[in-house]
Amino acid sequence: MIVLYDIPSKQPGISWNPNILKARLTLNYKRIPYRTEWVECPDIESKCKEIGIPSTRTKPDGSPMYTLPAIWDPATKTGVAESYLIAKYLDKTYPDTPPVLFDGIEEYDDVINGSPEMPELKPLVRFIVAAVPFLLNPVSSEYYIRTKEAFLGIKWTDMMPKGQEKEEAWRSIKKGFDIIADSLQKKGKLLGHAEQLSYLDVVLGARVHGLGFIWGKDSELWRDMLTWNNGLWGKYVEETGRYYAGSSLGVI
């Protein structure tokens, strides 16, 4: 059975990380049996090295960086990291399951890979980093704060914008989502249906779901976001949400 490596939270069994949710949604949508192995943040690198999962990027000092999501497939003795590569591997290795990649997906690279780097969405990082440590177990929370402070050059206690700065940052984030929605509409790929999802739906659904877990489903931020673009992001939650429910396929 495939193993999906995920980061635990204070709430046992809750998968919260938007990037890891992309892989979880893909597995659940394809109905491929798997189990979850929880890995605290400081242990990600050693776990990946232990089972031969490759690094995904390079640290500023030139050393390899290991990140989740990652899977290990004992049937093929293959380890894969990064959600797009996981989707590509699963489509190829399990051709009898519903595919998530489609011809011409490269046209949506600006949405799939480029949107996190969009200037309008830069402030979103601070809204996320300010909230994540509250979710994590102490060992991961300390590691997360220390590494994010070093990377961003901002003390964690100052991470969440306040007052007018917060209002301006939130308007910028909304503008970024407007740009994404406009791009999807122009390219004619706004949203699939729960019975026929694509990797594009996986990415966008996972992002919005993950923010709901990070900020809280009753938070003003998340509830406001769901109304943007005529409720488009709420529709992504509705169409992809069933694949996040705990099941015998992959217990969350």
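The C-alpha centres of domain 1 and domain 2 lie 20 Å apart. This is a predicted model: local features need pLDDT of at least 70, side-chain atom pairs count only at pLDDT 80 or more, and totals for chains, interfaces and linings use all residues. Numbering starts from 1 along each chain as its sequence is written, and side-chain values use heavy atoms, without hydrogens or water.

**Exercise 1.** Describe the interface of domain 1 and domain 2.

*Solution.* 
- Bounds: domain 1 is 2-93 and domain 2 is 105-244, from an automatic or database domain assignment.
- Area: the two domains bury about 2200 Å² between them, 70% of it on carbon and sulfur atoms. Buried area is the accessible area (1.4 Å probe) lost on putting two parts together, summed over both.
- Residues: in domain 1, Trp-16, Leu-25 and Tyr-29 lose the most area to domain 2, together 31% of what that side buries.

**Exercise 2.** Find the residues that touch the most other members of the largest nonpolar core.

*Solution.* 
- Term: a nonpolar core joins buried Ala, Val, Leu, Ile, Met, Phe, Trp, Tyr and Cys through side-chain atoms within 4.5 Å. Buried means under 20% relative accessible area (1.4 Å probe, protein chains only).
- Origin: the core draws at least three residues from each domain.
- A second, separate core of 11 residues includes Ile-71 and Val-80.

Key: Buried means under 20% relative accessible area, exposed over 50%, partly exposed in between (1.4 Å probe, protein chains only).
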